[in-house]
Amino acid sequence: MATQLNFLFVLPLFLFILQFPSSFSGKTDSMRSVPDLQESMYVVVNGDPCVRLLNLTGEIGCANPGRDKVVAPVVRFRNADDLTHSSAVLVSLDELQEVFDRITEDPNFANNVEGVLVESGTDIKNKIKGFSPAQKFPEAEFSPYGNINYEWNANGSGIMHKTYNFPVFLVSEGSIQYIQKAALKNEKTKNAYTANVAEFDMVMQTTKSGTRDSKSCLREGTCLPLGGYSVWSSLPPVNVSSSNQMKPVILTVATMDSASFFRDKSMGAESPISGLITLLAAVDSLSRLDGLSGLSKQLVFSVFTGEAWGYLGSRRFLLELDLQSDAVKGLNNTLIDMVLEIGSVGKGISGSNTTFFAHAAGVSSTTNEMLNALIRAQNSLKSKNIFIKSSSTSNPGIPPSSLMAFLRKNSSTPGIVLEDFDSSFINKFYHSYLDDISKINSSAIVAAASLVARTLYILASGDKNISSSLSAISVNASLVEELVGCLLDCEPGLSCELVKSYISPSTACPSHYVGVVVGEPSLTPYLGYVSDVSRFLWNFLADRTSVPKETASISCSQDCSNTGEVCIKAETNEKGAGVCVISTTRYVPAYSTRLKFEAETGTWNVLPPNSSDTMGMVDPVWTESNWNGLGVRVYTVQNSTFDHLVLIGGIAITLFAYLAIILVSALITKSLKRD
């Protein structure tokens, strides 16, 4: 009887194991061990999560609502007008806004949404005409002008700045078939004893500890500040040991970080990486000119990170200038004569013409000088149909950019932001994972780099006759193509030969999400705490802005002994492959100016607001929750009602067997007494 009972309990499990692999993974023939069994039962879903971010007033983003994993049947949104039970809702990207609106407006629907799975794929990318989860005026609180209701980003929905107490996961193209199959099976077998479920493992440490803002989570150690390392470099190098007064500085700025609703799916091809590649190509073209030391102004290039989250890089750079720290040795605020920022320039081509717009910070003799230099550069490139226009006077001011931080610091800072739009973004996918390599034109970047390089040379040369020198400035189109492939694609991605000639990348697929600051911020950080992109930029700029040494180059693995020298290419696989070069290229930590790292305890403290720091007063102080792991898997479970029936059946059989034994025993005893 015990054998019969065990059989009845084991049979459903046996049938379940047979049924699931055949429907999902189809690997029953290769099942030889427990791991094989687990692989057949559980399908790991690849993709990218939305995570929990925090600031001084609360939290945004997504997370499991409690300490445990979330498990729910997969249901397609378009087939779920009324959710009657807890579900993992499968949506296409164009339905995502509708789902969030429904959750906000319909409490009954919201109560049954345990998680959201978002489909990705080529068909969806081609179908959708625009998607921007950012705000209509990104980072309006840092605007140097009052009209913060202006819509620079008309497509902005603002969904990435809202709080969702359920997990949201972007399913990769390679895994979507498993999710779709699970939803289809559930739809066809609504009343079956099994269900195909998604299990979300997106438990955030801040949720577990109840730390719901940046100040409390930093105190409890359940989060880390957003940030990383910006890079700046001068061309030619600055002799910091010289007593000679440094020349006025032309500061050229670009941004290396983007943002997205899904953490690591932050490509930012048009905004801002097209501008970054433009800066690198311009530096490369200028570095090949002779006589740069004879220019009347000093060229300095800075690439900031953390700009998508409160202009962390530019604000920290300005603070380091105030403090005159070693990170900006050789520079000071008074030396910055003008700022030229390169924004979104990857869509400037229209027909046979390439047009860019100069957004000036007010009207002054210096900004007029910059506009005139841009026009001179345009005229020298007329055969290439490259044109520059001033932005509309009806605009409230400059568009969202790092220059805003400079203007908030000093409203009289002369500056221009170069963009491919006039009154609003033409990038319909701003801060979206769909702002990828397909959304830009490398020819537009070549045109922008040509315009920028010649403009900078005109500005740095003064009133000299430089027509012959201008014609010698030629942008390497092949380098631009290579940088596009390295920084905006997974093949080759950061495994491209250019990047590998400088560093050993940790991954092939680039992500331009800012990340978090690990350990104590430093001028010479542990390279394991610096992103692949920052390390590449440091090496590339140090190489391109370096000057030949009088003595033979010395190999190095980390540092160089001579003043003014840096060690480049030290990460390459060959031991001692690094080379010492003369270059002024430095890392600058990028994190909130309201934060201070306590070296003794290894913790972060939030500083009180300072009325003299107007940007610090509105600084959200962004942090990211810690977590142990992020992932989704799909498998089949039995309906609890069926489990209860099996249990009741087992109990009934046991009772029946017990009564039968008693009855038979009584009959046997009675029979023996008769005998």
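Which residues in α9 meet L537, F540, L541 and R544 in α17? They are L276, L279, L280, V283, D284 and S287, where contact means heavy atoms within 4.5 Å. Before going on, note that this is a predicted model, in which local features need pLDDT of at least 70, side-chain atom pairs count only at pLDDT 80 or more, and totals for chains, interfaces and linings use all residues. Residues are numbered from 1 along each chain as its sequence is written, and side-chain values use heavy atoms, with hydrogens and water left out.

The contact of α9 with α17 involves seven nonpolar residues, one polar and two charged. The axes of helix α9 (residues 269-287) and helix α17 (residues 532-544) come within 9 Å and cross at roughly 25°; the two helices are therefore roughly parallel to each other, a label for angles under 35 degrees. Helices are DSSP runs of H or I with at least four residues, and strands are runs of E with at least two.

Let's turn to the sheet. Five strands make an open, mixed sheet in the order β8-β4-β3-β26-β11, with pairing defined as at least two DSSP bridges between two strands. Because β8 (163-164) and β11 (223-225) are at the edges with a single partner strand each, one side of each has no neighbour in the sheet. Strands β3 (residues 52-55) and β4 (residues 58-62) run antiparallel, joined by four bridges, and L53 has I60 in β4 as its bridge partner.

Finally, visit R315 in helix α10 (residues 312-323). R315 is buried, at 4% relative accessible area (buried means under 20%, with a 1.4 Å probe and protein chains only). Its side chain reaches the backbone oxygen of G310 at 2.9 Å.

Key: Axes fitted to C-alpha atoms, helices over the stretch in contact; angles between N-to-C directions. Parallel < 35°, antiparallel > 145°, perpendicular 65-115°, else oblique. Nonpolar A, V, L, I, M, F, W, Y, C, P; charged D, E, K, R; others polar. Buried < 20%, exposed > 50% of the residue type's maximum accessible area, 1.4 Å probe, protein only. Polar contact = N/O pair within 3.5 Å; in protein donor to acceptor, adjacent residues only side chain to side chain.
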